Amino acid sequence: MNGGDDEDVVVVAASSGDQSPPLQWRFSQVFGERSAGEEVQPVDMISAIEFDHSGDHLATGDRGGRVVLFERSDAKHSSGGRRDLEETDYSVRHPEFCYKTEFQSHDPAFDYLKSLEIEEKINKIRWCQTANGALFLLSTNDKTIKYWKVQDKKIKKICDINADPSGAVGNGIVANGVPEALRLPVVVTSHESSPVAKCRRVYPHAHDYHINSISINSDGETFISADDLRINLWNLEISNQSFNIVDVKPEKMEDLSEVITAAEFHPTHCNMLAYSSSKGSIRLIDLRQSALCDSHSKLFEEPDAAGSKSFFTEIIASVSDIKFAKEGRYLLSRDYMTLKLWDINMDSGPVSTFQVHEYLKPKLCDLYENDSIFDKFECCISGNGLRAATGSYSNLFRVFGVSPGSTETATLEASRNPMRRHVPVPSRPSKLGSILGGSESTAGVDGNSSNALDYTTKLLHLAWHPNENLIACAAGNSLYMYCA
């Protein structure tokens, strides 16, 4: 189904159980591909990816504090100015992107009061509403949020100066008193336009802990920023004041039992937002209830499973990312082992659960020793709400059909040949309303043991085009795109 279908049609299709054929994913483009044996510098590693609402622009942030912008070049868009781009032609047209510009968003800093170094790494990027042909976006590192404006400006050049090249001025005076050697007017010509980034506002000193999320409200005027213990509400036009709307900090820090891991505004209701915790729960809050949202309107959490709990139970239950579907009824969450789909009208449990890392259960001790168990994988959902994707190790990512009764699943590698790893067909649901991603308790995603996985190459960041079946994902310093 085309990702640009009307939302009411998508809801009907999902509720009636209609099935779209499985997608055939293909390599589309790559930016910044490294050659074999080339070492990737840590500052060049991509740390954030985000499409804008139209899908015509894509932004990436890296550990060096840079933001790189790409724009769609196919169809009505121009295809000039490509740089560092490789592509494959297909008979079916799919979105193509080209490099637009880049700028330094954040620099390293030092908090002298806390004797703390602040990294320049970009944690999140969020697009704002466009205005007068200019692009606007928010970017944040651990402590400071910045509001950027990117606009094409024509380069002007003076071609004819209004002075005598010989240097002789005033050889004679004409009737109106102007020296005869002076020529007017100056001739100015405009050349090709070039995008220029300008920081409009800086939102500092509002978080004591590392910022893990920013989210733009559907009203286009406000946004939230979240750290481990607090969520603040900002107005885009006011940088020196924010309102604390969620505070989970206990009176005594030794009583702290959970932290905030992600926060996201509802896509259509400006008064609603959701935030997740390290205990695996998701809370939906309504800003109309009170100024400080200590209580939630709905709580989404997995019912306690039968059996004994281990030391790792709470660690792997921590939610690393949440995303609302486009129409706002469904919510996608990712923890270390699974991907879950929630219906905000049903808080008894997830609608579907997809096993992503089931085969890693016997390896949890090793994953804890090398800190891999704390990796924060992101998730994304298609514009029509029929599919979802999330990353894994060895630069792999997985795509699941999330519509009722769907059996679609695919595992791809972030490379020019994404389907080179053979994946067995997964088993189907073992209980009503739960769609499992595969019988992988003893096998890895490549069909072999989990020892074959490379835990140093992890695909943490990816984004789904809002209107097309196109996924952009980061593998080290390379940006790969796949279409279907």
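Predicted model: local features only at pLDDT ≥ 70, side-chain atom pairs only at ≥ 80, totals over all residues.
User: How many helices and strands does the protein have?
Analyst: Helices (H or I, at least four residues) and strands (E, at least two) are taken as DSSP runs and numbered from the N terminus. On that basis the protein has three helices and 31 strands.

User: What percentage of the 484 residues is buried?
Analyst: A residue is buried under 20% relative accessible area, exposed over 50% and partly exposed in between, with a 1.4 Å probe and protein chains only. Of the 484 residues in the protein, the buried share is 50%.

User: Among contacts between residues at least 6 apart in sequence, what percentage joins residues at least 24 apart?
Analyst: A contact requires heavy atoms within 4.5 Å. Among the contacts between residues at least 6 apart, the share joining residues at least 24 apart is 58%.

User: In what order do the four strands of the open sheet lie?
Analyst: Two strands pair if DSSP finds at least two bridges between them. The edge strands, each pairing on one side only, are β2 (46-51) and β6 (97-104). The pairing is antiparallel, and the order is β2-β3-β4-β6.

User: By what angle are neighbouring strands of this sheet turned against each other on average?
Analyst: Axes are lines fitted to C-alpha atoms, for helices over the stretch in contact, and angles run from 0 to 180 degrees between N-to-C directions. For neighbouring strands of this sheet, with direction ignored, the average is 20°.

User: Which residue in β6 is the bridge partner of V68?
Analyst: Strand β4 (residues 66-72) pairs with β6 in the antiparallel sense over seven bridges. Six of the eight residues of β6 are buried, so this strand is largely enclosed by the rest of the structure. The partner of V68 in β6 is E102.

User: Which residue forms a salt bridge with D152?
Analyst: A salt bridge is a side-chain nitrogen of Lys or Arg within 4 Å of a carboxyl oxygen of Asp or Glu, and the count by this rule is 22. The N to O distance for the D152 pair is 3.4 Å, and the partner is K100. The two residues are 52 residues apart, D152 in strand β11 (residues 145-160) and K100 in strand β6. D152 is partly exposed at 41%, whereas the buried member, at 14%, is K100.

User: Which parts of the chain does the salt bridge of R283 and E258 tie together?
Analyst: The closest N and O atoms of R283 and E258 are 3.3 Å apart. R283 is buried at 16% relative accessibility, and E258 is buried at 18%. The parts are 25 residues apart in sequence: strand β19 (residues 282-286), which holds R283, and, for E258, the loop between β16 (238-247) and β17 (260-265).

User: Are D321 and K323, which meet in a salt bridge, buried or exposed?
Analyst: Their side chains meet at 2.8 Å, N to O. D321 has a relative accessible area of 3% and is buried. At 14%, K323 also counts as buried.

User: How many disulfides does the model contain?
Analyst: A disulfide is defined as a pair of cysteine sulfur atoms within 2.5 Å. The sulfur of C473, a buried residue at 0% relative accessibility, has its closest cysteine sulfur in C380 at 9.1 Å, too far for a bond. The count by this rule is zero.

User: What is the phi of N132?
Analyst: Most residues other than glycine have a negative phi. N132 lies in the loop between β9 (124-127) and β10 (135-140) and is exposed at 76% relative accessibility. The phi of N132 is positive, near 55°.

User: Where is D371, which has a positive phi of about 70°?
Analyst: D371 is not a glycine, and D371 is partly exposed at 48%. D371 is found in the loop between α3 (364-369) and β25 (379-381).

Terms used
Residues numbered from 1 in each chain as written. Heavy atoms only, no water.
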